[in-house]
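Student: I have a structure open and would like to learn how to read its features. Could you take me through a few of them?

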Amino acid sequence: MKHLLSNQTRIFIAVVETGSVTAAAYRLEMGKSGVSDALKQLESMLGAQLLMRTTRRQSLTAIGETFYRRCKSMNDLATVALEEVNEYLAEPSGPIRITAPHAIIDFAVAPALAALVERYPKVEPDVLVDDKRIDLIKHQISLALTVGEMPDSEFKSRRIGYVQDVLCASPALIKKFNLDLKSRSSEKSIQTLPYVANHWEGAEPTTCLTHLDTGKSMQFRFRRVASVNSVDAALSLIVNGLGFGALPNFILGDRLKSRELVAVLPEYESRKSALYAVHPYGNVPPLSVRILVEELQKILNEPASSIA
């Protein structure tokens, strides 16, 4: 059993409550000499006598009486604290605040949270959707999902998957600009088409793509016509033909199959970016955080492992 008070203090409390060293030794399943030695160590450390002991009886000194009351109160509070921790670990409950980019809410966060709450109904998710990294401590974040490694070494992080962008456009845009996706000339002509950029791509969006067959990398520069600060906004503008753009592969699957969107430069692929789960709990994250990470890993097809 875990204890917050020192061993000597717990033995002192037991001696007072049972009335003798012998009875305390029996309760604690210790030898009498061990109990006596612990009392001597405590009194020596404090520099004060706590108990008056004879072969037939014992009594508390004045300072021993005060010390006992304080220790008893601390022990009771420590017991309650440990019980609350054990209850918390046994069944997660209460708020869990998550922050994540727009792109992975529908695909990963929502189903992972649904699985967590199904398993532990007392958990209360609070989701902050933001494509920017926010201060975990200031905003009391339990778990942050972010693309790319966190620069703060004080936080614990675990890679739970990858994000890979795919260049895509609406069929209407392809038809409007008469783009032949099978032609080698598309590599040059694509750079003249209107491009919907994420805010972090800047005024002159560029990307490095690698040819699937040759492995050769090529730098592309695009003509920005609009900027957005969320993947949802980019998707909407691209679907409506304002321009083409780069969207995460995991939100494009059904749209590519239905031909709502078409992959541009399908013979090339972009670099994969790691998706990390980050928490501020050091080596002992709450059970709810650990379970949520496991659910996310299942969805993202990563091997389950401890986040701590």
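Tutor: Happy to! Let's begin with burial: buried means under 20% relative accessible area, exposed over 50%, and partly exposed in between, using a 1.4 Å probe and protein chains only. Helices (H or I, at least four residues) and strands (E, at least two) are DSSP runs, numbered from the N terminus. This is a predicted model, in which local features need pLDDT of at least 70 and side-chain atom pairs count only at pLDDT 80 or more, while totals for chains, interfaces and linings use all residues. Residues are numbered from 1 along each chain as its sequence is written, and side-chain values use heavy atoms, with hydrogens and water left out.

Student: Which residues of α5 are buried?

Tutor: They are I105, A108, V109, A112, L113 and L116. These residues lie on the same side of α5 because they cover an arc of only 125 degrees around the axis; the arc is that of the directions from the helix axis to the C-beta atoms. On the other side of α5, D106 and E118 are exposed.

Student: What do the buried residues of α5 pack against?

Tutor: Contact means heavy atoms within 4.5 Å. The buried residues of α5 pack against β3, β4 (123-129), β5 and α10 (287-299). Within α10 you will find E295, which is buried at a relative accessible area of 13%. Not counting residues up to four places away in sequence, E295 touches A112, A115 and R119.

Student: Is S170 buried or exposed?

Tutor: S170 counts as buried, because its relative accessibility is 3%. You will see S170 in the loop between β7 and α6 (171-176). Leaving aside neighbours within four places in sequence, S170 is in contact with I238, V239, G241, E260 and L261. For a contrast, look at A62 in helix α4 (residues 62-90): A62 is exposed, with a relative accessible area of 65%.

Student: What is the volume of the largest pocket?

Tutor: On a 1 Å grid over the protein atoms alone, a pocket is an open set of points where a 1.4 Å probe fits, with protein on both sides within 12 Å along at least five of seven lines; lining residues have an atom within 4 Å of a point. Grid points are joined across faces, edges and corners, and a volume is the space filled by probe spheres set on the points. Here the largest pocket has a volume of about 1100 Å³. Of the 47 residues that line the largest pocket, V147, V163, D165, W200 and S273 are the closest to its centre.
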